[in-house]
Amino acid sequence: MDMVLAVLSWSCLLGGAIFLLIGALGVLRFPDFYTRLHAVSVCDTLGAGLVLAGLMLQGGFSLVTVKLLLMFYFMMFTGPTAVHALAQAAMQGKLQAVVDEHEPE
Amino acid sequence: MGKLRHAINLGLFLFALWLLLSGHYTPLLLLLGTVSTLLVVLLTTRADLIDREIQPVLIKPSVLLYWAWLGREIVKSNIDVSRRILNPTLPISPTIFTLRATQKTELGRVTYANSITLVPGTVTVDVEEDLFTVHALTQEIAADLKRGEMNRRVCEVEKVF
């Protein structure tokens with residue numbers, strides 16, 4: 001049982017780390033400010049979420065897990081709020097987005 | 001009368017939160033926790049912020065159901081965006097478009113706008129009454145959002161707010 005928990009927990013932590021890395025790579029690779037925000041969303045949701053899930057499995061049924069759950073809950077609200085604030089500030093600062101002109105059929 | 005009930009609810013919720021976060025249950029600390037809870041409720045009342053919107057709605061089944069659905073969407077689009085980051089042959093086609101939200105309450109529209117931003121691949125750039133300006137990473141993601149399933153689900157969950 002301990003073994004199963006350890007494997008699950010470390011898979012979550014590792015998965016989270018991979019998604020954080022992918023998000024960081026996306027920030028470098030995408031062409032402009034707005035598209036880079038989407039890469040940040042990957043870190044914000046699945047990256048941080050999986051790391052927290054892995055830590056919760058380590059914590060078991062304890063107050064630590066409750067605190068981690070609350071952290072997750074608040075991150076789900078503050079993450080998009082921060083991203084929206086950045087996007088809106090960029091828009092109001094008249095930062096042009098790279099837009100695909102090709103119309104979908 | 002309704003206000004008093006909202007205030008009591010808020011107090012109970014805050015105290016429960018304090019209990020969960022503290023982990024120390026000696027009489028002195030419990031007293032301090034009670035005092036700080038009462039102080040926060042008092043300040044909230046003085047600032048005239050006691051209304052329906054401060055009700056802790058996180059435990060209602062329909063809200064949990066919506067979160068479960070949103071969680072699945074988040075995982076799906078995370079994988080989609082991650083593949084586009086890792087594989088240079090998968091194209092991106094960024095678009096900006098406007099979207100009409102049909103929620104009736106402000107809180108419902110906030111939930112919708114925040115959900116859009118939370119899902120990787122779409123960001124709500126601006127909210128003007130019921131018109132959202134949304135930036136999407138690809139045309140497909142944009143088309144998916146325009147189909148309006150999320151809009152419908154938020155309208156559904158909004159009824160318990």
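Chain A runs α-α-α along its sequence. That makes three helices and zero strands. The model is predicted. The radius of gyration of chain A is 18 Å, well over the 13 Å that the globule rule gives for 105 residues, so chain A is more spread out than a compact globule. Its C-alpha trace spans about 55 × 30 × 25 Å along the principal axes. Of its 105 residues, 33% count as buried. Among contacts in chain A between residues at least 6 apart in sequence, 62% join residues at least 24 apart.

Next, the interface. Here 28 residues of chain B are in contact with 31 residues of chain A. The elements of chain B that each supply at least two residues to the side touching chain A are tabulated below.

| Element of chain B | Residues |
|---|---|
| Helix 1 | 2–22 |
| Helix 3 | 61–86 |
| Strand 1 | 95–100 |
| Helix 4 | 106–118 |
| Strand 2 | 122–128 |
| Helix 5 | 139–146 |

Helix 3 of chain B gives the most to this side, with seven residues. By class, the side of chain B that touches chain A has 16 nonpolar, 11 polar and one charged residues.

Now the core. The largest nonpolar core has 46 residues. Within it, A:Val42, B:Val123, B:Val134 and B:Leu145 touch the most other members. Helix 2 of chain A (residues 33–59) gives the most to this core, with 13 residues.

B:Val123 is worth a look. Leaving aside neighbours within four places in sequence, B:Val123 is in contact with A:Tyr34, A:Leu37, A:His38, A:Val83, A:His84 and A:Ala87 in chain A. In chain B, its contacts on that count are B:Thr117, B:Val134 and B:His135.

Conventions
Residues are numbered from 1 along each chain as its sequence is written. Chains are lettered from A and ligands numbered from 1 in the order in which they are written. This is a predicted model: local features need pLDDT of at least 70, side-chain atom pairs count only at pLDDT 80 or more; totals for chains, interfaces and linings use all residues. A nonpolar core is a set of buried Ala, Val, Leu, Ile, Met, Phe, Trp, Tyr and Cys residues joined through C-beta atoms within 7 Å. A residue is buried if 20 or more other C-beta atoms lie within 10 Å of its own, exposed if 12 or fewer, and partly exposed in between; C-beta atoms are placed from the backbone. Helices (H or I, at least four residues) and strands (E, at least two) are DSSP runs, numbered from the N terminus. Two residues are in contact if their C-beta atoms, placed from the backbone, lie within 7 Å. Ala, Val, Leu, Ile, Met, Phe, Trp, Tyr, Cys and Pro count as nonpolar, Asp, Glu, Lys and Arg as charged, and the others, Gly among them, as polar. The radius of gyration is taken over C-alpha atoms; the globule rule is 2.2 Å times the number of residues to the power 0.38.
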